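Start with the sequence and the model, then read on.

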Amino acid sequence: MDDFRQKGGKKAAMVAITANCILTILNIAVGIISGSYALVSEGAHTLSDVATSVIAYIGFYIGQKPADEEHPIGHGRAEAISGLVIVIFLVLIAWEIIQGSVEKISNPSLITVPSTLAAVMAVVGIIVNLRVSEYIIDLGKQIKSPAIVADGKHQKTDIFSSIAILVGVVVSNMGYPILDPIIALIIGGLILKTAYEITKENIDNIMGRVPSEEFIQKIKKVAEEAPEAENAHNIKVDYLGAYATVALHIELDGSMTLDESHEIVHKVQNNIMNEIPEVKYVMVHACPIGSDYDHDQKIDK
């Protein structure tokens, strides 16, 4: 699984960086030649995609490092942290685009009518970004990498930008050139929206959001498959990037010896980690069957 993740992460990064380098050069060059500020703005946005793809892969690479003395549960949160670093780049790029758009809208003399070449480039951008973003997001989900998924979602915003540019070129040539900087302004807004979504997703990951009920039930089912383990409950999950740690309680016959209960607890732990690969650490607490215990109760010293 780890080898599959490493290869998948490297492949996603190479595809994203190669595609975005090509699009950056084409968008800026065609934008200058055709007189489309929106397309030049999209080129700047695409250039940020190159930087964020590199950041996403660095976070992914660090997250793959094994546990050590200083990080006993591994380095998985590096992926979520890299997702937040991507947000900083998005906000900076959005600010530059919005600032330039407002300046042109305030001074119409700065606006030029883009040629149809800009429309052709917009269509190319739509096709390339659709294929690349879907590929990266799907691959990120397969290898369970929040950093790669965040990068794919960032890439996907370029589709809407290219559609807006295409509409802007058509309408500008119909006698409304002011639409070109307005489209650029919309692009800036879309980038900020993506920044917000990535921020929320990665903060949820770092802060330990509640997992899906389906995932909880899967843990419960696997835990109760161990001989004599009953009623798995009080299941808590903490995400570490692509991986998770789990703590839970199981009920055992109260007349068991410590050795017997200890053996079952380890079977439950091993079963969960073997059958649910994304779980890397499990802590199991054994309770006597039928005991009425408040799991949140504090024990006074």
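Does Glu 224 count as buried, partly exposed or exposed? Glu 224 counts as partly exposed, at 31% relative accessibility. The model is a predicted one.

**Overall picture**

The protein chain has 301 residues, and buried residues make up 45% of them. Its secondary structure comes to eight helices and three strands. What order do the elements follow from the N terminus on? They run α-α-α-α-α-α-α-β-β-α-β.

The accessible surface of the protein chain comes to about 15,600 Å². Carbon and sulfur atoms hold 63% of that surface. Take the contacts in the chain with a separation of 6 or more: residues 24 or more positions apart account for 72% of them.

One pair shows such a separation in sequence. Gln 142 and Gly 8 are 134 residues apart in sequence. In space, their C-alpha atoms are 8.5 Å apart. Gln 142 lies in helix α4, which spans residues 116-142. Gln 142 is partly exposed, with a relative accessible area of 48%.

**Helix α8**

Helix α8 covers residues 258-275, 18 residues in total. From its first C-alpha to its last it reaches 26 Å. That is close to the 26 Å expected at 1.5 Å a residue.

Which residues of α8 are buried? They are Ser 261, Ile 264, Val 265, Val 268, Gln 269 and Ile 272. These residues cover an arc of only 140 degrees around the axis, so they sit on the same side of α8. On the other side of α8, Asp 259 and Asn 274 are exposed.

What covers the buried residues of α8? The cover includes helix α7 (213-223). It also includes two strands, β2 (243-252) and β3 (279-288).

**Salt bridges**

How many salt bridges are there? The count comes to three.

| Lys | Glu | N to O distance |
|---|---|---|
| Lys 220 | Glu 224 | 2.8 Å |
| Lys 221 | Glu 225 | 3.0 Å |
| Lys 267 | Glu 263 | 3.7 Å |

Now look at how open the partners are. Glu 224, the partner of Lys 220, is partly exposed at 31% relative accessibility. Glu 225 is also partly exposed, with a relative accessible area of 40%. Its partner Lys 221 counts as exposed, at 54% relative accessibility.

The pair of Lys 267 and Glu 263 belongs to helix α8. How far apart along the helix are Lys 267 and Glu 263? They are separated by about one helical turn, because they are four residues apart in α8. Lys 267 counts as partly exposed at 36% relative accessibility. Glu 263 counts as partly exposed too, at 46%.

**Cysteines**

How many disulfides does the structure hold? It holds zero. Cys 21 is partly exposed, with a relative accessible area of 33%. Cys 287 is buried, with a relative accessible area of 7%.

How values were computed:
Residues are numbered from 1 along each chain as its sequence is written. This is a predicted model: local features need pLDDT of at least 70, side-chain atom pairs count only at pLDDT 80 or more; totals for chains, interfaces and linings use all residues. Side-chain values use heavy atoms; hydrogens and water are left out. The expected span of a helix is 1.5 Å times one less than its number of residues. Buried means under 20% relative accessible area, exposed over 50%, partly exposed in between (1.4 Å probe, protein chains only). The arc is that of the directions from the helix axis to the C-beta atoms. Contact means heavy atoms within 4.5 Å. A disulfide is a pair of cysteine sulfur atoms within 2.5 Å. Accessible areas come from the Shrake-Rupley method with a 1.4 Å probe; for residues, only the protein chains shown count as cover. A salt bridge is a side-chain nitrogen of Lys or Arg within 4 Å of a carboxyl oxygen of Asp or Glu.
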